[in-house]
Amino acid sequence: MLTKIREKAQGAFAWGILIIICVPFALWGIQNYLDTGKEPPVASVGDRDFYQQDVNRAYEQYSQNLQGLNIDEQTLKAQALEKLIKDEVLLQYVRAEGLVTSDNKARDFIKSLEYFQVDGKFDEKQYKALLNSQRMTSGEFINRIKNALVMEQFQRSIIDSSFATQHDVESFFKIQNQQRDVAYLTVPAQKPADQPSEEEVAAYYQQHQDLYKLPEQVSVEYVELLLEDIAKKVAVTDEKLRAFYEEQKDQYSTPERRKISHILFAINDKQDEKAALEKALQAKKELANKDFATLAAEVSDDKLTANKAGDLGLFAAGTMEKAFEDAASSLKLGEVSEPVKSAFGYHLIKVTELVPGEVKPIDVVKAELTKAYQKAQAENTFYESGETLTEMSYENPDNLQTVADALGLTIKRSALFTKDNGEGIASDPKIRSAAFSEEVQQGNNSTPVELGPERLVVLRMLEHKAAATRDLNDVKQEVIETLLKDKAKQQAAEKAQQIKTRLQAGESIDTVAAENKLTVKKMTGLTRSNGELPWQLNQAIFKAAKPVGDKPTVFTAVLPSDEQAVVSLSKVKEGTMSEDDKKQLELATKNIARAFGQNDFNAVLNSLQAEADISVKTQAQAQN
């Protein structure tokens, strides 16, 4: 639960900043800064107008992130517009308050984003290619990031200043570790024997035609730019491959593995340099007849390694003084050095493990090396071609042939697919999102879709099939099954309500269960984290009101199987902090404080929104 609180506290912040950062790539686009013609705004915050295209782009991002949650389009569009408004309210407020951040901080943040990294490092070419794909300058993007960082700064100032008292923490654990005693039975949802009439089937079909629609479908034609294809065309000669091999030799080398141990004779207040050296020389003589590990345990002043045979682990150049490193590097396996002086004293050094380094010959790695060479040589061409793809597909929005001819690409075609499912290239949600975007639906080329750092795709509409309602004859059996299921659920709910009424009147749950041939299950000391019950039932139990006196709280809950659970809650015991909880007390306090801080921030943002000059038009108003 502590982890969930932390995730909740950080999640809202992380989601907010992520949306702000992602906006330049997925929501607003450069079009926000261009003339929108005579199109009326759908919302205004102060002097900032939002148009339908802004909401549509925000919706596209939301629908992609929330895919599979079955949230309807209008709800998502409303949420997207609300998010745009909240962000703008906050941005205008922090600007008015004079909060700023530096260009350098914004650049450092940009370099940390995975969008612009190749092999974990910031890549200038990747950065420029992605900005070009959005037709955005670096200055514009940096400005947006600065806005996001300033908004983060304000949000952090509220969240990080919150705190939780000991009473808050104790109250949390009283609720979190609460235990409840329950008895419950389940009423099965049994399908009735009688089939629904033709009239019932027809009536249900007429009232629920949306359930039997074939979804909207599209197919697209597309061109894809692949680094792999460009790389295959790069000519390779033995001379160029040899030069590349020399540059990349570290990639094909295994470094030497050298493990060392030492015996230290320290120079300190108790022992001067002369005495330390004499002891070291004497110890070296004793090694003729004594094991290094034994002697280390007896005389080494390095007490951390003395009982471990003087083991210092793997030798790494650059971590010790030069004299020590020179000696450690020159020794053979099993050889012990003469006394070596460092700032700590005199050392006897021994190499206990030595695996020589190895460089794989060019002939052994030639196939791998060739691919790496071709890829490296193709990268510039790939990024330049990406810019051409972006520019030409935008300048010629009504066809792909122009850009295909210019770059030597083949125009490919997909099969029909929906917003939620597709095969081939349409199996990627980014492609489906682009295919159903406003610009493509209007007959234009899409903006380049990045399917990984080495693949860019531009698509356009090939075929569009509107959603259509399936004929009753085709879905009749589905309707019958739904009606039977609904009747079974209704009968189970009615039966559960009858049982609940009898239990509330004081009858025994065992007696009522026996009459109805149902089984009673009893649980004592049930906790929120109990995994034996379906989570819906467990959640209902801990949401139920506490019993009053000797009278249990009786309620029903619907289970995933459509069964109805009738529950009698007889006892609630306050939770206490366990020993494990006490060990995590600092983390618990911090996470609860963050949750409080997030609530405080939400309250501030709601207050700012209430005071802001906001105008929102309905769809009908926007069209008039």
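Buried means under 20% relative accessible area, exposed means over 50%, and partly exposed covers what lies in between (1.4 Å probe, protein chains only). The exercises below concern a predicted model, in which local features need pLDDT of at least 70 and side-chain atom pairs count only at pLDDT 80 or more, while totals for chains, interfaces and linings use all residues. Residues are numbered from 1 along each chain as its sequence is written, and side-chain values use heavy atoms, with hydrogens and water left out.

**Exercise 1.** Find the salt bridge between Glu 507 and Arg 502, and classify the accessibility of each residue.

*Solution.* A salt bridge is defined as a side-chain nitrogen of Lys or Arg within 4 Å of a carboxyl oxygen of Asp or Glu. The side chains of Glu 507 and Arg 502 meet that definition with an N to O distance of 2.8 Å. Next, Arg 502 has 24% relative accessibility and counts as partly exposed, and Glu 507, with a relative accessible area of 36%, is partly exposed as well.

**Exercise 2.** Which parts of the chain does the salt bridge of Lys 375 and Glu 454 tie together?

*Solution.* Begin with the distance: the closest N and O atoms of Lys 375 and Glu 454 are 2.6 Å apart. Lys 375 lies in helix H15 (residues 366–395), whereas Glu 454 lies in the loop between strand E15 (449–450) and strand E16 (455–465), so the pair ties together parts that are 79 residues apart in sequence. Helices (H or I, at least four residues) and strands (E, at least two) are DSSP runs, numbered from the N terminus. As for accessibility, Lys 375 is partly exposed at 35%, and Glu 454 is partly exposed at 33%.

**Exercise 3.** How many salt bridges does the structure hold, and which residues are linked with Lys 412 in a network?

*Solution.* The total is 27 salt bridges. Lys 412 is linked with Glu 224 and Arg 455 in a network of salt bridges.

**Exercise 4.** Give the strand order of the open sheet of four strands, and explain why E10 and E11 each have a side without a neighbour.

*Solution.* The order is E10-E9-E12-E11, with antiparallel pairing. Strand E10 (311–314) and strand E11 (340–341) stand at the edges, each with a single partner strand, so one side of each has no neighbour in the sheet. Two strands pair if DSSP finds at least two bridges between them, and strand E9 (residues 257–266) pairs with E10 in the antiparallel sense over three bridges. Within this pairing, Ile 260 stands opposite Gly 313 in E10.
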